[in-house]
Amino acid sequence: MAVETLILLLGDQLSLDIASMRGADPATSVVLLAEVAAEADYVWHHRKKLAFVFSAMRHHAAALRAAGWTVDYVELDDPQNSGTLQGEVARALARHGAARVVVTEAGEWRLREAMAGWSAALGVPVELRADDRFFASEADFAAWADGRKALRMEYFYRAMRRTTGLLMEGGDPAGGRWNFDAENRKPASRDLLMPRPRRVAPDAITADVLAMVAARFPDRFGSLDDFWFAVTAAEAEAQFDAFVADALPRFGDYQDAMLAGEPWLYHSVIALYLNVGLLDARAVCWRVEAAWRAGNVPINAAEGFIRQILGWREYVRGIYWREGPDYARRNALEAHHPLPDFYWSADTHMACMRACIEQTRDTAYAHHIQRLMVTGNFALLAGIDPHAVHLWYLAVYADAYEWVELPNTVGMSQFADGGLLASKPYAASGAYIDRMSDYCAGCRYDVKAKAGAGACPFNRLYWPFLIRHQPRLAGNPRLSPMYRTLARWDAGRRAALVADGAECLRELGIGPD
């Protein structure tokens, strides 16, 4: 039979029930997946991320063929590869003679805006279908946000709990509270039994991809050693089941904790699978709720986990599409220092920064507190350009896609949207890191010292940050205790703090010499 429809699947659309494939006839459709240089190169993607996505794409193609679909797969090293998605769609149309293209809308502005012009450029109808793999559509979020003075995640999360029924007892939240965050801030110790994520040994397809990535991207950030990610839906499901059984019961207690050399603690490490479609967010949340109702996990663990997906993940996606493509360039705090080289090299005496960056380099992973309160906190205090910080986070993590990473960076981490997303800047001195980790014990800098060359840089930069942004931040009620403290200090003490902060930046190679 003649080919009528070319179905394009992007690398983060590896769900068998993706909208673009619904209603399609395998007898008259061809599914196209293409590894293209434009997507591999637009940021300096971690090599483990590239290997994960390409291997997952190739395994998904094999699964579709086994299910009876005709799949046209273009590998990155194909000599005829045009290097762009539009170019590969054009070549596939020429090969198969399809009369139309169907694709699920892309998850970032860059591609969505490009796809809007494809029909005219390709000369065939291009149907763009909404990505409905989320609890809330873009219209749902816009309706919730309409008319609100503040778009706080907590209130969106409560609305989503009511809409879905997750962790609800009738009209009330399970356990009598919406949020158990106060119980989820315990530091971890090394005598805890911390289960490791279930590992998957690379098969022949993954081995080929690892070799290709090593050859094609020899100078990219990130190690390819010890690759253990799942690359099929079945493997991702098995890893998630192991997490629910082994780690979820203690996830809540220790979700904010950090230990040197322990990247996983009790975390699920499934965001990369959710974000490419190997796991379904709805199924994951209902599975965790079922574990709580069965008495296998405490309410603080189930609620803390579900909030990250039903709350934060859905909320930041809504912010991303509501705020538009210029959100990436917001810089409310006027931070303009370039990203320090040690964000790539880990060559720094700050033990916490070195540990988190080395872990990122080796694993393409860091949990939310390592990102927010270590690497993000330092960038905020040091006045690093938030767009440069955004590009770094987008590049270095296997789970990073712009719709989820950008609001977390620009809004939550760097306060560059001026408080649209976060109720206050997440700025903290070294005391927080010392309380929640063991990094400070082996650090060259003294976390107890507040100023001078041997003091923790987080301490030396904290008060200058508050002084620098006092006109904007002094009215924030969550910062009023700090500004009351500042008000008791005379001008000489404040000037000395500012001078010491500037000297700290010079010592770290940031700012003017």
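## Surface and overall build

The protein exposes about 20300 Å² of surface, and carbon and sulfur atoms supply 52% of that area. This is a predicted model, and every value given below was computed from it. Of the 513 residues of the protein, 58% count as buried. Its secondary structure comes to 23 helices and seven strands.

The C-alpha atoms fill a box of roughly 85 × 55 × 50 Å when the box is taken along the principal axes. The radius of gyration is 24 Å, which agrees with the value near 24 Å that a compact globule of 513 residues would have. Among the contacts in the protein with a separation of 6 or more, 77% are accounted for by residues 24 or more positions apart.

## Aromatic pairs

A search of the whole structure finds 34 aromatic pairs. One of them is formed by Y393 and Y397, whose rings are stacked, with 6.0 Å from centre to centre and 25° between the planes. Y393 counts as buried because its relative accessibility is 4%, and Y397 is likewise buried, with a relative accessible area of 1%.

The rings of W463 and W489 are arranged in another way: their centres are 4.8 Å apart and their planes stand at 65°, so this pair is edge-to-face. W463 lies in helix α20 (residues 457-468), whereas W489 lies in the loop between α22 (480-487) and α23 (491-507), so the pair ties together parts that are 26 residues apart in sequence. Both W463 and W489 are buried.

Ring pairs also link a set of residues into a cluster, which consists of W44, F221, F342, Y343, W344, F378, W392, Y393, Y397 and F458.

## Helix α17 and its cover

Helix α17 (residues 386-396) is mostly covered, since nine of its eleven residues are buried.

## Two residues with positive phi

Most residues other than glycine have a negative phi. L167, which is not a glycine, has a positive phi of about 55°. L167 lies in the loop between α7 (153-164) and β6 (168-169), and it is buried, with a relative accessible area of 0%.

F415 is a further residue other than glycine with a positive phi, in this case near 55°. F415 is placed in the loop between α18 and α19 (430-436), and its relative accessible area of 3% means that it is buried.

## Selected positions from cover to surface

Leaving aside residues up to four places away in sequence, L10 touches L85, A106, L111 and M115. The C-alpha atoms of L10 and P195 are separated by 33 Å, and these two residues are 185 residues apart along the chain.

D241 is found in helix α9 (residues 233-246) and counts as partly exposed, because its relative accessibility is 34%. From D241 to S345, 104 residues apart along the chain, the separation between C-alpha atoms is 35 Å.

A294 lies in the loop between α12 (281-293) and α13 (299-323). At 53% relative accessibility A294 counts as exposed, the cut-off for that class being over 50%. A294 and Y157 are 137 residues apart in sequence, and the distance between them in space is 23 Å, C-alpha to C-alpha.

Methods
Residues numbered from 1 in each chain as written. Predicted model: local features only at pLDDT ≥ 70, side-chain atom pairs only at ≥ 80, totals over all residues. Heavy atoms only, no water. Helix = DSSP H or I, 4+ residues; strand = E, 2+ residues; numbered from the N terminus. Rg over C-alpha atoms; globule rule 2.2 N^0.38 Å. Buried < 20%, exposed > 50% of the residue type's maximum accessible area, 1.4 Å probe, protein only. Contact = heavy atoms within 4.5 Å. Areas by Shrake-Rupley, 256 points an atom, 1.4 Å probe, with all protein chains shown as cover. Phe/Tyr/Trp six-rings, centres within 6.5 Å; stacked < 30°, edge-to-face > 60°.
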